[in-house]
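Q: I would like to learn how to read helix packing and salt bridges in a model. Can we work through a case?

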Amino acid sequence: MVLAAGGLGLSLPNAATAATAATPLLPGFGRPTRLDFADLSAVHGNDQLLLTTLQGVVNRRNPRLYFNYTAENYDTTWLSSTGARVTRHDDPLSLIARYRGEVRGAILHDPAVPDSINVATTLAGLENAVAATAEQAAEHGLKVITDLRGRFKADDVLATYRWQLDNLFPRCTKALLSGLPTTRTVKVDGVQWREVAKESERIRDTSNRQVRTFDLSQELTGQDGVYLRFQDSFGDDGWGASVGSVVVKADGTQIASFTPGTDAEAPYLFDGLNSAIGAESNRFADGGNYFIYRFTAPASAKQLTAEVDLWNQFLVTATTTAPTRVEPFPYFRDYTVAMKAMVFWLPPSGQTGELLDEILDKVKPTTPYAGWFSNDVAGEWGGVDRASQHAVEVVPADYYMNGTVHAGVPARISDRVRPRPPATLRNRVYLTLTVGEGDNIQYCQRKMRELWDNPARGKVPTNWTVSPLLADIGPALLAYYQRTATDNDLLIAGPSGAGYTYPGSWPEQDVDAYTKLTGRFLRRTGLDLVYAYNHRKPEGDGWVAFDERIAASYRKNTPLRGIIQSWESGDLQVRLAGLPIIGNFSPQGKAQEYRDTLVKSIEGWDGGKPLFIAGAVNAWNWTPADIAELGELLGEPFEIVRGDTFFALLNEFMSREG
């Protein structure tokens with residue numbers, strides 16, 4: 001057993017060096033012994049921003065503030081694991097006066113320039129201040145340290161972050177970069193939506209693509225315009241509404257016409273934060289996500305229509321009431337403030353991507369980029385690939401709460417590899433099921449805890465991806481999962497080891513640095529399997545398989561016994577540098593459809609030798625009950641096994657086959 005380093009009150013990493021074996025990659029700020037706790041779930045984003053930056057300054061010296069941010073109460077669930085004495089406060093804002101003496105004052109962000117929120121956060125860390133509006137500063141008696149109002153232009157993101165890079169980055173830590181959204185959307189209660197159109201079939205291609213005309217005339221009675229929302233009619237398989245173009249007419253006269261992702265769309269996109277732009281200049285939203293357009297017709301209009309190029313599994317609804325409001329995005333800022341990290345939000349393409357490159361180039365290999373990227377899937381692939389090209393690993397952390405507390409909680413993390421259940425190689429179809437998203441430390445903190453506490457967990461052998469970096473930034477979280485795992489649960493490292501990255505995109509001379517870092521964290525956490533990603537093919541159709549060079553680096557520097565590579569089609573099975581690698585197989589839908597797809601996939605198998613399938617489980621749409629149902633549906637010739645057993649059998653088979 002090893003004691004997590006975060007509980008030792010280690011100091012911040014030297015700004016000029018990357019993490020070493022003696023320096024945490026994501027350090028803590030001391031052990032919390034007494035915490036003032038408040039529920040912020042009903043508090044406006046401006047107040048959440050002020051309190052979270054206050055938390056960063058206060059907890060840098062010694063963790064004393066802890067908040068619950070959402071109605072799901074994930075943060076409350078983990079509160080007892082801190083081991084601290086807790087004082088609960090009914091009025092969160094009273095904590096400002098309580099700790100006002102520990103901050104120098106306020107950095108005023110500009111409500112008209114969302115990106116000033118990130119600059120204010122960076123300055124808050126550097127100046128031991130909070131980020132606030134002018135009204136908040138006056139209300140709470142906070143001295144104004146820097147006023148950012150009028151300094152930047154809302155339509156010149158490049159100038160804003162160029163100023164920050166030139167003027168603030170020299171003072172910031174070089175041990176962490178952070179990409180955080182500036183704002184979030186909050187749903188307004190009581191909004192009544194009218195269903196306009198719905199696809200009732202599971203359509204996962206463009207076979208239902210056509211221009212559909214929607215009559216929105218009955219919404220003309222509203223005083224605030226017409227809001228048109230696009231969602232996924234089936235939230236369990238990731239093929240939601242996709243829009244290629246929109247034309248809106250009032251009494252036959254065109255009042256709007258645009259293609260998603262263009263400047264022409266911007267005036268009408270009321271809420272696009274939960275959507276993304278696809279390869280065909282289409283805007284789409286899968287699962288529980290959505291996007292909303294707002295149109296204003298002339299007061300005299302009697303008829304309003306929208307002609308929408310639409311496909312996939314769509315649900316279209318309309319209302320006359322503003323359904324959301326925009327507030328500052330407050331999350332993870334306690335950690336960035338405490339670290340004195342530079343915070344920015346640069347889409348990883350075009351000119352903003354070039355500025356992102358410049359920032360990434362200023363830090364040493366294996367420096368973590370914590371946060372996320374804009375534009376969902378496309379931003380993920382582009383952002384992670386760009387970071388990888390600069391030898392920077394990504395830590396998805398934009399919704400990771402109370403990091404300044406969790407990083408300092410001492411917890412006993414097992415460094416022992418779990419004993420492998422015995423198994424005999426037979427001519428069967430061996431299936432191992434892996435729940436994804438474990439690279440995402442906010443998932444490990446939030447959604448994974450919900451799934452983990454489901455009573456159906458443990459009925460079927462299941463691999464659970466988890467971030468080994470929790471050994472630094474959330475030791476009690478990792479220890480909880482280790483301690484409560486059943487014999488059917490196996491923790492494996494999430495993509496692609498010590499942080500989410502594409503090893504094939506790393507500079508050749510830096511790959512070993514990443515795999516050495518991965519090896520260090522795997523040995524600390526007793527993990528010896530990894531679910532890994534690599535970069536996508538230039539044409540964007542599929543993934544590039546690991547080559548001998550990448551496999552050899554993992555083999556030399558880590559204790560890995562096998563790699564599941566993101567592949568989706570499952571037709572990758574190789575052994576490189578003595579390391580078995582298999583591509584995952586990702587059937588759509590829930591248990592019955594998943595089972596049917598598996599059965600169809602083995603139609604050509606004659607039973608003359610073993611067959612191996614690494615099945616992917618969607619963490620956002622599946623539950624342990626769904627996994628249990630799949631286990632009941634699968635009979636002969638399938639055998640579901642844990643990942644360690646799976647790779648032992650696969651390695652034996654590969655050795656036998658030569």
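**Helix packing and salt bridges**

A: Start with a helix pair. Helix α4 (residues 116–127) packs with helix α6 (residues 157–167) at an angle of about 10°, and their axes are 10 Å apart. Keep in mind that this is a predicted model.

Q: How is the angle between α4 and α6 to be read, as roughly parallel or roughly antiparallel?

A: Angles under 35 degrees count as roughly parallel. That makes α4 roughly parallel to α6.

Q: Which hand does the crossing of α4 and α6 have, left or right?

A: The crossing of these two helices is left-handed.

Q: Which residues make the contact?

A: From α4, the contact uses Asn118, Val119 and Thr122. From α6, it uses Thr160, Tyr161, Trp163 and Gln164.

Q: How do the residues of the α4 contact with α6 divide into nonpolar, polar and charged?

A: There are 3 nonpolar and 4 polar residues, and no charged ones.

Q: Now the salt bridges. How many does the structure hold?

A: The structure holds 33 salt bridges. One case is glutamate 358 with arginine 162, where the closest N and O atoms are 2.6 Å apart.

Q: Which parts does the pair of glutamate 358 and arginine 162 tie together?

A: Glutamate 358 sits in helix α8 (residues 350–360) and arginine 162 in helix α6, so the bridge ties together parts 196 residues apart in sequence.

Q: Is glutamate 358 buried or partly exposed?

A: Read the relative accessible area: buried means under 20%, exposed over 50%, and partly exposed in between. Glutamate 358 has 30%, so it is partly exposed. Arginine 162, at 30% relative accessibility, also counts as partly exposed.

Q: Where do arginine 457 and aspartate 489 lie?

A: Their side chains meet in a salt bridge, 2.5 Å from N to O. Arginine 457 is in the loop between α12 (447–452) and β27 (462–466), and aspartate 489 is in strand β28 (residues 489–493). The two are 32 residues apart. Arginine 457 counts as buried at 15% relative accessibility. Aspartate 489 is buried too, at 0%.

Q: What is the relative accessible area of arginine 561?

A: Arginine 561 has 37%, so it is partly exposed. It forms a salt bridge with aspartate 528, with the closest N and O atoms 2.5 Å apart. Aspartate 528 counts as buried, at 8% relative accessibility.

Q: Which residues do salt bridges with shared partners join into one network?

A: Arg426, Arg428, Glu636 and Glu639 are joined in that way.

Terms used. Residues are numbered from 1 along each chain as its sequence is written. This is a predicted model: local features need pLDDT of at least 70, side-chain atom pairs count only at pLDDT 80 or more; totals for chains, interfaces and linings use all residues. Side-chain values use heavy atoms; hydrogens and water are left out. Axes are lines fitted to C-alpha atoms, for helices over the stretch in contact, and angles run from 0 to 180 degrees between N-to-C directions. Helices (H or I, at least four residues) and strands (E, at least two) are DSSP runs, numbered from the N terminus. Angles under 35 degrees count as roughly parallel, over 145 as roughly antiparallel, 65 to 115 as roughly perpendicular and the rest as oblique. A crossing is left-handed if the near helix is turned anticlockwise from the far one by less than a right angle, and right-handed if clockwise. Contact means heavy atoms within 4.5 Å. Ala, Val, Leu, Ile, Met, Phe, Trp, Tyr, Cys and Pro count as nonpolar, Asp, Glu, Lys and Arg as charged, and the others, Gly among them, as polar. A salt bridge is a side-chain nitrogen of Lys or Arg within 4 Å of a carboxyl oxygen of Asp or Glu. Buried means under 20% relative accessible area, exposed over 50%, partly exposed in between (1.4 Å probe, protein chains only).
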